[in-house]
Amino acid sequence: MANLLIRNIKGLVLAVQEASAAVRGKDMAQLPVLENAWLLVENDTIHSYGSMPGCPERADTTLDANDRFVFPSWCDSHTHLVFAASREEEFVSRIKGLSYEDIAAQGGGILNSARKLQSMPAEQLLESAWNRLEEIIGYGTGMVEIKSGYGLTLDSELKMLRVIRELKKISPIPIKATFLGAHAMPAEFKTNREGYLKLVIDEMLPKIAAEGLADYCDVFCERGFYSVEETDRILKAAAQYGLKPRIHANQMHYSGGVQVGIANQAISVDHLEHCGAAEIAALQHASTFPTLLPSCSFFLGLPYAPARDLIDAGLPVVLATDFNPGSTPSGRMPFVLSLACIHMKMLPEEAIHAATINGAAALEMADQYGSITPGKIANLMISKPMSSIAFLPYAFGTDPVERVILAGKEWNRNQRQ
Ligand code: NIG
Ligand code: FE
């Protein structure tokens with residue numbers, strides 16, 4: 001047995017005795033922060049915490065967190081961090097006036113990423129994904145979801161999901177995998193959509209399920225990508241294999257994605273840059289999480305999702321990065337929190353809930369991650385010296401993380417499991 005004691009913590013963030021479910025509505029503004037605290041970790045698990053006067057006297061390892069806050073790690077519930085290459089040439093085309101949709105319609109975008117991924121060996125994909133995983137852990141992320149969707153052929157979707165499986169084996173943080181075969185329509189199926197839908201439903205899904213390669217199923221439900229009817233068909237087929245939906249909805253338009261996700265008991269509907277009264281009312285009658293990705297709005301110049309309306313409607317808003325080469329080439333959760341506060345008018349307390357416990361709940365892992373709760377896995381970060389919680393989203397260019405603790409041990413780069 002090994003234990004770790006963190007002493008003199010300026011503020012222990014989200015310290016709650018009971019493993020809570022997601023935090024919703026006005027409760028999101030009430031962030032529990034225990035001032036002048038200690039935290040004891042035993043092996044990989046949070047053991048106990050309290051106020052400094054009652055601090056245990058010794059431990060195998062002791063860290064002093066003077067002037068620093070201790071946070072539960074970020075739970076990034078939406079990424080595409082396995083990909084072959086960056087797409088800065090499209091970034092330059094957009095600067096010159098083309099839109100994301102123009103580029104996609106010309107065979108760029110997701111299809112560009114798919115061509116590159118199809119020809120890249122799995123080992124190389126794994127290596128680059130590992131580097132990105134290490135990068136996001138350094139930003140304080142302690143749990144992540146990763147999607148396929150740059151394969152778009154049976155072999156390449158399997159290759160991508162197997163890379164995610166290999167990444168799970170060496171990763172120091174938990175990973176959930178999502179099958180996103182319906183991300184874009186491959187060029188060879190442009191005039192034969194039915195042919196690709198059949199490939200997804202009759203060939204990809206059974207193989208992926210048989211190998212246990214995915215935890216969830218996603219569809220890019222959007223004009224120019226997949227219709228509501230196609231989304232419904234794919235999600236119903238995925239349900240036959242026990243894959244629950246978490247889908248891309250309402251990014252560019254009022255696509256009906258929110259409603260079709262809810263109708264299929266989606267765990268989460270993600271993006272919601274276009275989200276009005278009808279979508280919010282539908283979410284109020286569902287257990288589906290609204291997941292917002294403000295760094296995608298930032299990068300593409302899209303509207304920001306109406307976080308205030310969603311929170312005021314009593315909903316449990318989630319924040320994630322959407323890390324991918326096309327719409328969000330960043331896995332930096334602290335920047336997501338800054339954008340949520342600056343552009344979506346979320347309070348720092350709300351943004352912290354949305355990026356921790358609510359992200360864990362959206363990955364169905366809130367019983368083990370997302371808060372400082374005895375019995376949960378000790379995935380934490382210790383901040384640099386900070387004057388208050390609000391400093392974190394306020395100082396949008398400053399790296400707030402000084403140390404990362406994963407499963408009770410201090411993490412440094414180049415540690416594979
Ligand atoms: O979440 N919207 C669909 N998928 C990604 C973008 C993928 C890409 O452009 O490569 C997203 O924004
Ligand atoms: Fe995405």
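Modeller: Welcome! The bend at a residue is the angle between axes fitted to the seven residues ending there and the seven starting there. This is a predicted model, where local features need pLDDT of at least 70 and side-chain atom pairs count only at pLDDT 80 or more, while totals for chains, interfaces and linings use all residues. Residues are numbered from 1 along each chain as its sequence is written, chains are lettered from A and ligands numbered from 1 in the order in which they are written, and side-chain values use heavy atoms, leaving out hydrogens and water.

Colleague: At which residue does helix 6 bend?

Modeller: Helices are DSSP runs of H or I with at least four residues, numbered from the N terminus, and strands are runs of E with at least two. Helix 6 covers residues 193-211. A proline, Pro206, follows the bend within four residues. The angle is about 35°, and the bend sits at Met204.

Colleague: Which elements do the buried residues of helix 6 pack against?

Modeller: Buried means under 20% relative accessible area (1.4 Å probe, protein chains only). Among the buried residues of helix 6 are Tyr196, Val200 and Met204. With contact taken as heavy atoms within 4.5 Å, the buried residues pack against helix 5 (154-170), strand 8 (175-182) and helix 7 (228-240).

Colleague: How much of ligand 1 does the protein bury?

Modeller: A polar contact is a pair of N or O atoms within 3.5 Å. A polar side-chain atom of Gln251 lies 2.7 Å from a nitrogen atom of ligand 1, and an N or O atom in the side chain of Asp322 is 2.8 Å from an oxygen atom of ligand 1. By the Shrake-Rupley method with a 1.4 Å probe, ligand 1 taken alone exposes 330 Å², and the share buried by the protein is 100%.

Terms used: Expected span 1.5 Å × (residues − 1). Buried < 20%, exposed > 50% of the residue type's maximum accessible area, 1.4 Å probe, protein only. Polar contact = N/O pair within 3.5 Å; in protein donor to acceptor, adjacent residues only side chain to side chain.
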